[in-house]
Amino acid sequence: MAEVTLENITKVYGEDVVAVRDMNIDISDGEFIVFVGPSGCGKTTALRMIAGLEDITEGRLYIGDEVVNDLPPRDRDIAMVFQNYALYPHMNVRENMAFALKLRKTPKDEIARRVEEAARILGIERFLDRKPKALSGGQRQRVALGRAIVREPKAFLMDEPLSNLDAKLRVQMRTEISKLHNRIGTTTIYVTHDQTEAMTMADRIVVIKDGVVQQIADPQRMYEYPENIFVAGFIGSPAMNFIRAHVERDDGDYAVVFGRTRIPVSRELAARGKQVYGRDVGEYLNKEVILGIRPEHMEDASLAEDLGAGSEQSVLEVTPQVLESMGSEKYVYFEIPREQAAHLETLEEMTEGAGSQEEDAGEVSTETTGDMMVARISAESEAREGGKIRLAIDASKIHLFDPESEEAVL
């Protein structure tokens with residue numbers, strides 16, 4: 001195992017196509033870190049530079065204490081698991097798993113031991129004599145993982161290894177990979193565009209947009225304290241709602257106001273925002289802000305047990321346009337009336353790619369276009385399409401963003 005350090009890493013194709021810009025990441029020994037972002041953001045390019053499959057234009061890459069910029073892939077002591085499995089079709093499972101060890105002239109008894117152990121860990125002992133064409137997608141993925149495990153590398157690199165699997169199998173393999181990492185503890189760098197995978201598997205997440213790292217944090221901190229609009233919209237499902245609002249005085253404190261809806265900002269919340277982001281809500285008094293509300297922080301007001309102080313001013317009355325029952329909860333899609341909210345014209349650009357989910361992963365995909373919003377409410381709600389519903393907003397969970405810099409304020 002080893003630490004992996006990216007120091008000012010940049011990748012430029014041709015003269016002006018910058019795929020990765022000034023990337024700085026310290027990956028600890030034994031850490032499971034996930035690179036996540038929309039397609040084309042540079043996450044796979046970064047992984048391929050670590051693997052040695054792409055040249056580094058600028059910066060230095062360390063594996064352990066060694067600068068490996070000029071080392072060929074075979075000398076970096078890493079193992080890569082590809083999206084398409086990359087198994088040799090003419091070899092059986094045992095031969096596929098043993099191939100890299102044979103090239104290293106590893107003793108036969110050692111090869112046999114490693115292959116058998118990896119097969120046992122992955123539950124594929126009975127498939128060792130089968131060819132890849134006789135295996136299911138999940139079984140092939142296990143073989144690809146086994147081929148990486150037997151090498152006992154310093155680090156595993158995984159490039160969207162679950163994207164070719166169906167929804168149920170993807171969830172199962174997600175759990176298996178996490179269990180595998182907990183068992184062997186090898187440094188793992190995992191690339192995906194699915195934020196659900198990132199949230200459930202990672203020790204830390206690296207959110208990337210247009211080749212630039214947006215935020216690095218553990219999943220819970222990234223969910224609770226996104227540093228900008230893009231991260232806020234990317235992490236969480238369904239995606240965070242955004243709406244233009246402004247800040248006003250509220251009995252010595254502050255309130256965020258849009259239309260007839262007024263959300264109090266408690267002193268505790270303002271102090272927490274200042275501590276985390278270094279910004280004072282008071283700087284935005286009588287100014288415009290971007291209000292962020294996660295769907296799960298709105299509830300049918302008739303079911304909310306305690307709306308807290310100022311609750312009457314933190315209720316939003318809407319008309320559901322689409323209602324999706326998920327069994328344990330409901331998703332309510334609605335529009336903010338034009339007299340209550342002006343559309344933020346640049347918002348779609350700010351959050352481009354954010355909140356995207358794989359449809360076959362069973363996730364709800366929604367974009368904040370126009371004034372469309374979504375609330376995730378209790379299954380017991382009697383809300384109906386075309387009717388009226390009052391949504392209670394959890395004022396302690398709101399987010400505020402600067403409309404110019406897109407950085408978080410609260």
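Where is the place of Asp-210? In this predicted model, in which residues are numbered from 1 along each chain as its sequence is written, Asp-210 sits in the loop between strand E9 (204-209) and strand E10 (212-217). Local features were taken at pLDDT of at least 70 and side-chain atom pairs at pLDDT 80 or more, whereas totals for chains, interfaces and linings use all residues; side-chain values use heavy atoms, with hydrogens and water left out. Helices (H or I, at least four residues) and strands (E, at least two) are DSSP runs, numbered from the N terminus.

Backbone geometry is considered next. Asp-210 has a positive phi of about 50° although it is not a glycine, and with a relative accessible area of 56% it is exposed. Buried here means under 20% relative accessible area, exposed over 50%, and partly exposed in between (1.4 Å probe, protein chains only). Glu-160, also not a glycine, has a positive phi of about 45°. Glu-160 belongs to the loop between strand E7 (155-159) and helix H5 (167-184) and is buried, at 13% relative accessibility. Ser-237 and Pro-238 are joined by a cis peptide bond with omega of about -5°; Pro-238 is part of the loop between helix H8 (229-234) and strand E11 (241-250). Most residues other than glycine have a negative phi, and most peptide bonds are trans.

The structure contains 20 salt bridges, a salt bridge being a side-chain nitrogen of Lys or Arg within 4 Å of a carboxyl oxygen of Asp or Glu. One of these links Asp-253 and Arg-267, with an N to O distance of 2.7 Å. Asp-253 is in strand E12 (residues 253-258) and Arg-267 in helix H9 (residues 267-277), so this pair ties together parts that are 14 residues apart in sequence. Asp-253 is partly exposed at 21% relative accessibility, and Arg-267 is exposed at 59%. Shared partners in salt bridges also join Glu-110, Arg-113, Arg-114, Glu-117 and Glu-152 into one network.

Within that group, the side chains of Arg-113 and Glu-117 form a salt bridge at 3.1 Å, N to O. Arg-113 and Glu-117 are about one helical turn apart because four residues separate their positions in helix H3 (residues 108-122). An α-helix has 3.6 residues a turn, so residues three or four places apart point the same way. Arg-113 is partly exposed, with a relative accessible area of 39%, and Glu-117 is partly exposed at 31%. A further salt bridge connects Arg-48 with Glu-54, where the closest N and O atoms are 3.5 Å apart; Arg-48 is partly exposed, with a relative accessible area of 27%.

Helix H4 (residues 137-149) has 13 residues and should span 18 Å at 1.5 Å a residue, which agrees with the 18 Å between its end C-alpha atoms. The expected span is 1.5 Å times one less than the number of residues. Of the 13 residues of H4, 11 are buried, so the helix is largely enclosed by the rest of the structure. Among the buried residues are Gln-139, Arg-142, Leu-145 and Arg-147. Gly-146 is another residue of helix H4 and is buried, with a relative accessible area of 0%. The C-alpha atoms of Gly-146 and Val-93 are 9.3 Å apart in space, while the two residues are 53 apart in sequence.
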